[in-house]
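The structure is shown below.

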Amino acid sequence: MNTNINFAGIKMKNPVTVASGTFGYGREYEDFIDLNKLGAIITKGTSLKPRSGNKAPRVCETSSGMLNSIGLQNPGIEYFAKIDLPYLKRFDTKIIVNACGSTVEEYVELCKILNTLDIDGVELNLSCPNVKAGCLAFGTTYEGVKNVTSQVRKVLDKPLIVKLTPNVTDITQTAKGAEDAGADAISAINTLLGMKIDINKRTPILANNTGGLSGPAIKPVAVRCVYQIAKTVKIPVMGLGGIMNGEDAIEFMIAGATTVSIGAGNFVDPECSIKTIQEIEKYMQKHQIEDINSIIGSIKMN
Amino acid sequence: MKYQEECELLEKSALKNDIFKFKIKTEKIAKEAKAGQFLEIRVSKEVEPFLRRPISIYSIEKDCIEFIFQVKGKGTEILAQKQIGDKINILGPLGNGTFNIKEYNTVAIIGGGIGIFPLYEAVKQLKGKAKINTYLGFRNKEYVTNEQEFKELSDKLIITTDDGSYGEKGFAIDFLKKDEKPDIIMACGPMPMLKAIKKYAEEEKIICQISLEERMGCGLGACLGCAVRKAGSTDDNPDYWHVCKAGPVFYSTNVEI
């Protein structure tokens, strides 16, 4: 039985990764799981300079999911390179850094540094809905995605994954922008912009008023986006959005995802990623699937 | 070390006002738990309600933990329906900021409402190490709970109610101010109370530990949801701790509340 995946040149032992912003830099989960078993770890969104993030409340629960407006709090790339990367390198897994910035110049500067680090790939975050500048500002049009991706491409030799937002009319356009600019892969989806109101106070619960919706509530949207993107572009897709178990992961792969990412599921069950890997293997045994690659994009439309 | 355990519910009692006390069997979590730490409780195996419920530890025993919670929404409502013998999925012990248990001359324990519960284990562990003056404030007589448990361990216990319907009339902090100056204050309760305690402690230069809460995602320090402002950071350049990681117990001088 083969679970090895070659994702945009990143050779993973299985298709299961952990999503940016839900796994810190790995340490928080070491008591619960063996990080060596993961296909890849995608780090917390990391910027050129440290960011302190938004005011609290930053999270709240919603139906079958949650809203967050963390605001990309992170210690900055220098700290990451010095403290977090050496820690992560102790494990036999792939390290993908989620990169975010406020301007095109910042993305480029950051990726110049990332290009020199011992990491396996970069996930360009063009889709965080919770910061005023950058990210989503570049991520909602073909031209915007193409521009920042191509600038980054010039300085980055490592596998480049572009993470897209579902908060657009047609996600295949932004996916095409990434592909045309030379991205090696797409990851989809980031969170959906949402709001929850305290009906007694008549104010939004999140201090930032709006936040990104994640969890099983968004899974059907994510599966649809992955299907559309996979049908449109030739580069591989990492699927995420509400994956809680092996069945969910398989669903994304059938829709066209080459790899998958566990996000909010890590918060509910810190062992969610490992259980997902085990459940994928069980599914393969049950359906006598020799190679996990054979199910990618195997959807049969009605 | 933190653990995920399926814990059997051993004892369950209804206190008052939808407040329940659960005693659970847990070998691993109880062994490492410290006064002030909390648990993340998964109330349902389904995805609704989605997140775990962070609940503070009330009492630590050899292979058991007691926690007390008030039914506030659908999550705690489901939890309250668990029956003796049921298994409850729990992460713990969580939090790195804990009450500083050592020898003191006098410790002031001050709690308000359901905020009294995270203080109980600290009182238990301080017994014999310090003179314990305990001040517990409640809205009115209907809300007064666990008086006997605190009384047994405290050298002095003052119960206050806002309306004077039980114990002394007024706020717990007013009675703390009248007494001998303690070496340390340990506090948990509603935000206005904690703000007043922080202010008083800093004016009087008394060391003060406060247990905070904030809307929480993972409880592990990964989601960075439960932010609380670091002392000294400004509106223009804010900086944050996280309740689940640096807290839930903080020295009052380290936070802006």
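Predicted model: local features only at pLDDT ≥ 70, side-chain atom pairs only at ≥ 80, totals over all residues.

## Overall count

Over all chains, a search of the whole structure finds 27 salt bridges.

## A pair between chains

Glu28(A) and Lys245(B) form a salt bridge in which the closest N and O atoms are 2.8 Å apart. This pair crosses between chains: Glu28(A) belongs to the loop between strand S3 (16-18) and strand S4 (40-42) of chain A, and Lys245(B) to the loop between strand S14 (240-242) and strand S15 (249-251) of chain B.

Glu28(A) is buried, its relative accessible area being 9%, whereas Lys245(B) is partly exposed at 38%.

## A pair within a helix of chain A

In chain A, a salt bridge joins the side chains of Glu179(A) and Lys176(A), with an N to O distance of 3.3 Å. Both residues lie in helix H5 (residues 171-180), where a spacing of 3 residues separates them by about one helical turn. Glu179(A) has a relative accessible area of 17% and counts as buried because the limit is under 20%. Lys176(A), at 29%, is partly exposed.

## A pair within chain B and a network

Asp63(B) and Lys25(B) form a salt bridge, the closest N and O atoms being 3.2 Å apart. Asp63(B) is in the loop between strand S4 (53-60) and strand S5 (64-70), and Lys25(B) is in strand S2 (residues 19-25), so the pair ties together parts of chain B that are 38 residues apart in sequence. Asp63(B) is partly exposed, with a relative accessible area of 26%; Lys25(B) is also partly exposed, at 30%.

In chain A, salt bridges with shared partners join Lys176(A), Glu179(A) and Asp180(A) into one network.

Key:
Residues numbered from 1 in each chain as written. Chains lettered and ligands numbered in written order. Heavy atoms only, no water. Salt bridge = Lys/Arg side-chain N within 4 Å of Asp/Glu carboxyl O. Helix = DSSP H or I, 4+ residues; strand = E, 2+ residues; numbered from the N terminus. Buried < 20%, exposed > 50% of the residue type's maximum accessible area, 1.4 Å probe, protein only.
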